[in-house]
Amino acid sequence: NGQADSAKVLLLEMSQKYPENAMIWFELSRCTEHLGLSNPRDMEKSIEASLSYINKANKIEEGNAKYLYYKAKFQTLEFYMNLKMGGGDEGVKLVDIEETYLQVFQLDASYDQNKITLIEFFGGLPAEMGGDISKAEKYAQELEKEDLVLGAKAREILMPEDADYEAFWKGIIEKAPDNADAIQALGRVYLF
């Protein structure tokens, strides 16, 4: 109910009392994230703390896709921050993100839409920063086999800047005329 500070105090107490309860560590991670978002100066510390809490949850419940996905989310945030600050170890961090996402995908296929994140990274970054167009292509092809519109979103990321995006999305809408995501994508093309 908006009292994240009080919630964090309660969750820290609960984590001491029930250190083997993964849900407490997960909620502590979420709460710490929200507190960090409200104070940008502490964002980096907040991400580090949130990641340490979600790592504890993952250690307790190794096969929980939800917890692993949350870990990948923080690894992705760290990666973006590292890119902005020029940390120099982007390639290593990207490998870690990919490993976590692959574990998530193996546990629960419903998270496959997050392959888009990997496609953006591998397809958009230069090789010296971890980019790998062959990996991006592999994930795009997987999504194209799974879902028409999700696959189209993946393919769009890899299309050259001068491609005919309007014709591309019109072709997808012809195949899936009632798909709101495809119609929204065409609208975004018109907007740009």
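Leu10 is placed in helix H1, which covers residues 4-17. Helices here are DSSP runs of H or I with at least four residues, strands are runs of E with at least two, and both are numbered from the N terminus. The model is a predicted one, in which local features need pLDDT of at least 70 and side-chain atom pairs count only at pLDDT 80 or more, while totals for chains, interfaces and linings use all residues. Residues are numbered from 1 along each chain as its sequence is written, and side-chain values use heavy atoms, with hydrogens and water left out.

Leu10 has a relative accessible area of 49% and is therefore partly exposed. Buried stands for under 20% relative accessible area, exposed for over 50%, and partly exposed for values in between (1.4 Å probe, protein chains only). Between Leu10 and Ile24 there are 14 residues of separation in sequence and 9.9 Å in space, C-alpha to C-alpha.

The protein holds 10 helices and 0 strands. Read from the N terminus, its elements follow the order α-α-α-α-α-α-α-α-α-α. The C-alpha trace spans about 60 × 40 × 30 Å along its principal axes. Of the 192 residues, 38% are buried. The accessible surface amounts to about 11200 Å², and carbon and sulfur atoms account for 52% of this surface. Accessible areas were computed by the Shrake-Rupley method with a 1.4 Å probe, and for residues only the protein chains shown count as cover.

Contact is taken as heavy atoms within 4.5 Å. Among contacts between residues at least 6 apart in sequence, 52% join residues at least 24 apart. The side chains include 21 positive and 34 negative ones, and the centres of these two sets lie 5 Å apart. Lys and Arg count as positive and Asp and Glu as negative, with His and the chain ends not counted. The place of each charge is NZ of Lys, CZ of Arg, CG of Asp or CD of Glu.

Confidence is expressed as pLDDT, the predictor's confidence in each residue on a scale from 0 to 100. The mean pLDDT of the protein is 92, and 99% of residues reach 70 or more.

With a relative accessible area of 0%, Ser29 is buried. The residues that Ser29 touches, apart from those up to four places away in sequence, are Ser50, Tyr53, Ile54, Tyr70 and Phe74. The side chain of Ser29 also reaches the backbone oxygen of Ser50 at 2.8 Å. Glu27 is likewise found in helix H2, but counts as partly exposed because its relative accessibility is 25%.

Helix H4 (residues 65-85) contains Lys73. This lysine, Lys73, is partly exposed, at a relative accessible area of 28%. Its side chain makes a polar contact with the side chain of Glu33 at 3.0 Å. A polar contact is a pair of N or O atoms within 3.5 Å; within protein, one atom must be able to donate a hydrogen and the other to accept it, and residues adjacent in sequence count only if both atoms are side-chain atoms. Lys73 lies 9.6 Å from Thr100, C-alpha to C-alpha, at a sequence separation of 27 residues.

Glu99 belongs to helix H5 and counts as partly exposed at 45% relative accessibility. Asn114 sits in the loop between helix H5 (90-107) and H6. The relative accessible area of Asn114 is 10%, so this residue is buried. Neighbours within four places in sequence aside, Asn114 is in contact with Tyr69, Tyr101 and Phe105.

Helix H8 comprises residues 148-158, of which Val149, Leu150, Gly151, Ala152, Ala154, Arg155 and Glu156 are buried. The cover over these buried residues includes helices H6 (115-124), H7 (133-146), H9 (165-175) and H10 (180-191). At the start of H8, a side-chain oxygen of Asp147 comes to within 3.2 Å of the backbone nitrogen of Val149.
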